[in-house]
Amino acid sequence: MRQDDFSRKRVAQRGRNLLLQELRETCERARLGGFFYPVAALLAFAAAGIMQWRWQAAIVVGTLLVLAVARCLIGPSGAPDVVEARRKLRLLWGVVLASTTAWGAFSAWTFAALPEPAPLVALLFSGAFGMALSHTMCMRTTPAVVAILGVMVPSQVVLWAGDSRWVALMWTVYMLYMLMVLRRSHREYRARVELEEDLRQQRDLFERQSQVDGLTGIANRREFGAALVRAVESLAPGRAISLLIIDVDHFKRLNDSLGHRAGDACLVALAQRLREHFAEPGDVPVRLGGEEFGVVIEALADDAFLRAERFRGALAAQPMQVLGQPVTVTVSIGCGQFDPARHEDADAFYGDVDSALYRAKQAGRNRTEHA
């Protein structure tokens with residue numbers, strides 16, 4: 001993957017990760033708070049004498065309990081895509097807003113229907129729910145503001161309409177304070193999740209940089225060594241591992257005649273040819289350093305040799321575009337298959353194939369030699 005493609009992928013991945021983190025936290029926090037609504041309603045009815053209001057209590061508590069259970073049923077499944085994550089967030093916030101609206105209506109109804117101290121119990125719970133929303137449901141400000149207003153405004157309207165103007169004024173100040181707390185909590189939440197995501201992406205970037213050649217975008221020598229060791233150590237009966245080591249012929253001459261910038265462009269174009277030609281499952285094209293490349297292939301030596309020859313012939317027959325001009329490049333290739341009877345380990349295997357590359361260069365270059 002090229003560096004610019006990787007950068008675009010990182011930006012898209014960052015947005016997706018932040019959205020999924022928001023979905024996970026919204027689900028967790030919504031589940032935590034959902035069951036407090038039916039408990040609070042039950043306590044308000046208990047304060048009024050629950051047996052006298054048992055049918056109303058059953059309806060209100062049952063409705064709030066159903067909404068609390070619905071919160072628990074909505075959650076991320078596996079690795080949802082962006083569209084599914086947004087849909088679930090909308091659905092979850094819809095249930096949360098239904099809960100807060102239902103509670104707000106109930107708290108206002110207690111003033112008209114239930115005797116003291118039930119209205120006071122409902123009022124106190126409304127304040128607690130509003131403050132809890134400002135702290136815990138701060139992932140998105142717009143629905144959180146609507147949720148807080150849904151909890152607080154019905155009681156405020158009742159207080160203003162009655163003889164409790166000073167309590168209503170206090171309730172207004174308290175609600176404004178909740179909105180200020182929500183704004184601060186939202187900023188802190190965004191700062192935290194963005195920092196966590198940046199740290200994750202930085203870790204992934206460092207990991208990529210340790211595995212990918214910065215010029216060509218294919219695997220580097222470190223990743224090649226790890227891939228070769230993995231392939232050798234995991235070799236099972238009936239499977240074969242072959243290795244190609246590829247060296248650009250007369251690369252110094254190309255650098256001296258066209259310049260190092262053209263030389264770098266040539267290496268990038270060659271890496272792209274390698275990526276296109278060796279794209280089967282199990283193929284690992286790498287840049288070993290300088291003008292030397294390698295390919296780990298899950299194939300028998302004869303098959304690997306034929307693929308190497310096809311690559312070498314196509315490369316010599318089709319000039320590469322280097323800084324806007326065609327340049328014909330040839331390569332010498334060493335090819336070999338890992339043999340446990342001959343190769344003690346991956347290093348011995350590599351040395352055997354490297355010797356084959358040396359013979360190809362000594363024999364006149366632009367050829368493939370068996371190990």
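Predicted model: local features only at pLDDT ≥ 70, side-chain atom pairs only at ≥ 80, totals over all residues.

Trainee: Which residue of β6 is the bridge partner of Ile246?

Mentor: Strands here are DSSP runs of E with at least two residues, helices are runs of H or I with at least four, and both are numbered from the N terminus. Two strands pair if DSSP finds at least two bridges between them; β1 (residues 242-248) and β6 have seven, in the antiparallel sense. Within β6, the partner of Ile246 is Ile333.

Trainee: Which residue of β3 is the bridge partner of Ile246?

Mentor: Strand β3 (residues 292-297) runs antiparallel to β1, and six bridges join them. Within β3, Ile246 is bridged to Phe293.

Trainee: What is the handedness of the crossover from β6 to β7?

Mentor: Strand β7 (residues 368-370) runs parallel to β6 and is joined to it by three bridges; in β7, His370 is the bridge partner of Cys335. The chain passes from β6 through helix α12 (residues 346-362) to β7. A right-handed crossover would run clockwise from the first strand over the helix to the second, with the strands pointing away from the viewer; this β-α-β crossover is left-handed.

Trainee: Which strands stand at the edges of the sheet?

Mentor: The open sheet has five strands in the order β2-β3-β1-β6-β7, with mixed pairing. Each edge strand has a single partner, so one side of each is left without a neighbour in the sheet; the two are β2 (284-289) and β7.

Trainee: At about what angle to β3 does helix α10 run?

Mentor: Axes are lines fitted to C-alpha atoms, for helices over the stretch in contact (heavy atoms within 4.5 Å), and angles run from 0 to 180 degrees between N-to-C directions. Helix α8 (residues 221-233) lies across β1, β2 and β3, at about 130° to β2. Helix α10 (residues 260-277) also lies across β1, β2 and β3, and its angle to β3 is about 10°.

Trainee: How far apart are Met152 and Tyr174 in space, C-alpha to C-alpha?

Mentor: Met152 is found in helix α6 and counts as buried because its relative accessibility is 0%. Beyond neighbours within four places in sequence, its contacts include Trp171, Tyr174 and Met178. Met152 and Tyr174 are 22 residues apart in sequence, and their C-alpha distance is 9.4 Å.

Trainee: How far apart do the C-alpha centres of domain 1 and domain 2 lie?

Mentor: The bounds come from an automatic or database domain assignment, which gives domain 1 (3-206) and domain 2 (221-370). The distance between their C-alpha centres is 60 Å.

Definitions and conventions: Residues numbered from 1 in each chain as written. Heavy atoms only, no water. Buried < 20%, exposed > 50% of the residue type's maximum accessible area, 1.4 Å probe, protein only.
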